[in-house]
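My entries follow, in the order I made them.

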Amino acid sequence: MFAKGTKRKFSDPGEEPALGAELGPVVRPLSSTYSLQRQSLLDMSLIKLQLCHMLVEPNLCRSVLIANTVRQIQEEMTQDGTWQIMTQALAAAQCPADRLVATEVLCRPSEALAAAQSPKPLPAGPEEEEEEEEEEVVVAAAMEEDVDSEANPLSSSSFLPAPFGAEPGWEDEEDDSEDEDSEECPSDAEDVPDSRRGDQVFGTFEIKHPAPPPDPALEELFSDVDPSYYDLDTVLTGMQSTPKMGPYDLLDSLSPHAAPALSTGTSCRSDLNELDHIMEIIVGS
Amino acid sequence: MDQDMCSLFCFSADIISTVEFNYSGELLATGDKGGRVVIFQHEQESKNRPHLRGEYNVYSTFQSHEPEFDYLKSLEIEEKINKIRWLPQQNAAHFLLSTNDKTIKLWKISERDKRAEGYNLKDEDGRLLDPFRITSLRVPVLLPMDLMVEASPRRIFANAHTYHINSISVNSDHETYLSADDLRINLWHLEITDRSFNIVDIKPANMEELTEVITAAECHPHQCNVFVYSSSKGTIRLCDMRAAALCDRHSKFFEEPEDPSSRSFFSEIISSISDVKFSHSGRYMMTRDYLSVKVWDLNMENRPVETYQVHEYLRSKLCSLYENDCIFDKFECCWNGSDSAIMTGSYNNFFRMFDRNTRRDITLEASRESSKPRATLKPRKVSTGGKRKKDEISVDSLDFNKKILHTAWHPKDNVIAVAATNNLYIFQDKIN
């Protein structure tokens with residue numbers, strides 16, 4: 001019944017509870033296993049939100065509970081500073097791409113920083129340990145996926161120059177190939193142990209903040225997902241809304257720090273996302 | 001709780017989605033995924049077998065709800081019966097409310113065991129006779145006939161819920177009832193179908209801010225102004241309809257503080273309350289969340305007075321249960337007639353009963369193999385440790401597709417109805 005997975009081992013027992021408190025709220029020593037677990041939980045949750053059956057109205061209670069779980073993970077990642085690392089990594093990774101997106105990124109960093117530093121009530125150290133020991137059963141499928149994609153970390157692209165002011169048209173085939181190239185070429189700088197785990201882990205981190213460019217790993221993950229269901233509002237009300245957002249714009253709508261730019265960019269994005277969807281079908285699967 | 005339960009009846013149908021005894025316990029109604037309602041009636045004890053209570057036999061079957069299509073949203077509306085609630089009996093006929101996701105119907109179930117014969121204006125086949133041919137008049141007589149049970153829809157309460165109805169509850173005034181969906185609760189009068197009063201509305205202005213939904217609601221058994229509703233965040237709000245027309249502000253707020261040592265990403269999900277039931281006395285209420293059942297004293301809001309672990313061994317499996325969606329299963333719970341025991345379902349066709357006085361609990365299985373008719377049920381045990389004893393079942397062997405979500409307890413006797421997917425089991429204790 002249950003997938004047989006490896007039992008999680010807590011890798012840094014010495015750095016936990018009391019120390020965690022001393023180090024301050026933001027810096028919390030995290031084992032990479034925990035991060036991967038959390039990552040897979042996040043991915044699983046997002047898939048669940050997007051795969052609601054459209055034939056019958058989706059179960060609102062279930063959707064709300066999953067959305068809250070995603071929020072929780074997002075908040076914890078923001079608190080850990082890993083969210084910020086990922087944001088920066090992906091901001092840099094958004095190459096020749098999207099003027100709209102780039103503009104947003106320009107406006108974002110201070111916001112993201114502020115969000116990351118705002119004190120959030122965190123469960124104290126001991127709970128994390130408990131939490132890990134509880135979740136012994138690893139979701140094998142999601143883990144495998146993460147392990148596979150981790151072999152080609154996106155984080156290598158964090159060393160690309162920030163390409164602000166580039167041309168729009170982020171669904172271009174050019175874009176896809178560029179991203180793929182950057183993904184495939186192994187970066188020596190990325191060959192680091194857990195001290196750089198933030199980047200390593202978030203090499204596979206597909207969730208973006210703000211809106212993502214077409215991301216091959218992302219597309220692979222979502223190649224069979226109905227893209228008309230990206231809007232959280234759609235998810236919650238079960239109605240198909242016309243502006244189709246990118247897959248992870250879901251997180252934007254969830255995040256309390258979501259920029260208001262979301263609404264202004266939506267009308268432009270609807271057309272872009274149509275194209276994106278078509279591109280996904282052609283290129284993704 | 002020391003009484004041995006023996007199985008009495010087993011019945012196959014579509015997936016059963018609700019089970020409910022009426023006020024006397026004489027009738028047992030089930031609703032299924034196909035929109036059908038099947039009512040069983042308790043037959044009197046037979047003289048041949050005085051040591052057993054009577055059996056339940058099919059009394060009436062009717063199609064309550066049909067599948068519909070919402071053209072505006074391009075979505076199907078399931079015909080699955082979410083809840084059935086009986087009305088107190090006031091005359092020879094029986095009335096019940098049945099609801100699917102959107103529409104509530106009031107059904108009248110009446111018996112006909114006589115028919116009239118000897119009409120003047122029509123012949124035995126029902127054809128109209130030519131009045132000029134009639135030479136004499138006679139008075140029709142009532143003759144006995146085979147019992148026929150008819151169900152007819154008397155009221156249809158529609159178009160009042162945007163979201164999915166999860167609960168209906170008849171008020172103690174026997175005139176009104178409430179219906180609750182994910183975000184709103186409406187109050188109806190049984191006679192009036194074209195309007196209802198909205199008494200709770202938790203829909204936020206911006207749906208993206210939605211973080212909590214209503215999961216269950218019930219009227220107080222004696223105080224017709226009081227009702228409770230539970231939420232997906234593990235809270236219960238008690239509201240007094242005398243305080244205001246819109247009961248968005250609660251009179252009492254029940255929430256158990258979270259245990260920080262057991263916090264995980266799944267904490268909120270497993271705290272979501274799937275069912276809330278007042279005790280018959282009206283002094284307590286019981287809530288069911290994913291892993292436990294809690295009994296609350298209405299006079300104490302900060303924590304429950306009793307907590308019973310249903311299947312604590314699942315706590316370490318929450319990630320898998322989240323993946324396969326089992327963590328969202330909504331289990332119901334029920335009181336026995338004297339409020340001394342409570343019952344709820346689990347997986348692998350197991351159901352659990354807890355005696356509140358002796359604090360003893362028992363796990364039983366509802367399956368054809370383990371419950372031959374008239375046989376005594378054997379208590380079951382799930383092994384949580386490494387060593388599995390004989391007759392124990394390990395957690396990994398549990399069948400999570402066999403879930404018992406719906407159970408009902410006879411209001412007076414020790415008779416229980418357990419719905420295991422598409423089978424209905426009725427168990428009773430042996431009279432010694």
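I began with burial in chain B: of its 432 residues, 54% are buried. Buried here means under 20% relative accessible area, exposed means over 50%, and partly exposed is in between (1.4 Å probe, protein chains only). This is a predicted model, where local features need pLDDT of at least 70, side-chain atom pairs count only at pLDDT 80 or more, and totals for chains, interfaces and linings use all residues. I note the conventions too: residues are numbered from 1 along each chain as its sequence is written, chains are lettered from A and ligands numbered from 1 in the order written, and side-chain values use heavy atoms, without hydrogens and water.

**Chain B overall.** I found 2 helices and 32 strands in chain B. These are DSSP runs numbered from the N terminus (helices H or I, at least four residues; strands E, at least two). The accessible surface of chain B is about 20000 Å², with 47% of it on carbon and sulfur atoms. That area is from the Shrake-Rupley method with a 1.4 Å probe. I also looked at contacts (heavy atoms within 4.5 Å). Of those in chain B between residues at least 6 apart in sequence, 55% join residues at least 24 apart.

**Tyr229(B).** I found Tyr229(B) in strand β17 (residues 226–231) of chain B. Buried or exposed? Tyr229(B) counts as buried because its relative accessibility is 2%. Beyond four places in sequence, Tyr229(B) touches residues including Ile185(B), Val200(B), Ile214(B), Thr235(B) and Cys239(B). I checked Val200(B): 29 residues away in sequence, its C-alpha is 9.4 Å from that of Tyr229(B).

**Glu212(B).** I placed Glu212(B) in the loop between β15 (197–201) and β16 (214–219) of chain B. Glu212(B) has a relative accessible area of 18%, so it is buried. Which side chains make polar contacts with the side chain of Glu212(B)? One is that of Ser231(B), at 2.6 Å. Another is that of Thr235(B), at 3.3 Å. A polar contact is a pair of N or O atoms within 3.5 Å; within protein, one must be able to donate a hydrogen and the other to accept it, and residues adjacent in sequence count only if both atoms are side-chain atoms. Beyond four places in sequence, the contacts of Glu212(B) include Val64(A), Leu183(B) and Lys233(B).

**Chain A confidence.** I checked pLDDT, the predictor's confidence in each residue, from 0 to 100. Chain A has a mean of 51, and 20% of its residues reach 70 or more. Confidence in chain A is highest in helix α3 (residues 60–80), at a mean of 92, and lowest in helix α10 (residues 197–203), at 32.
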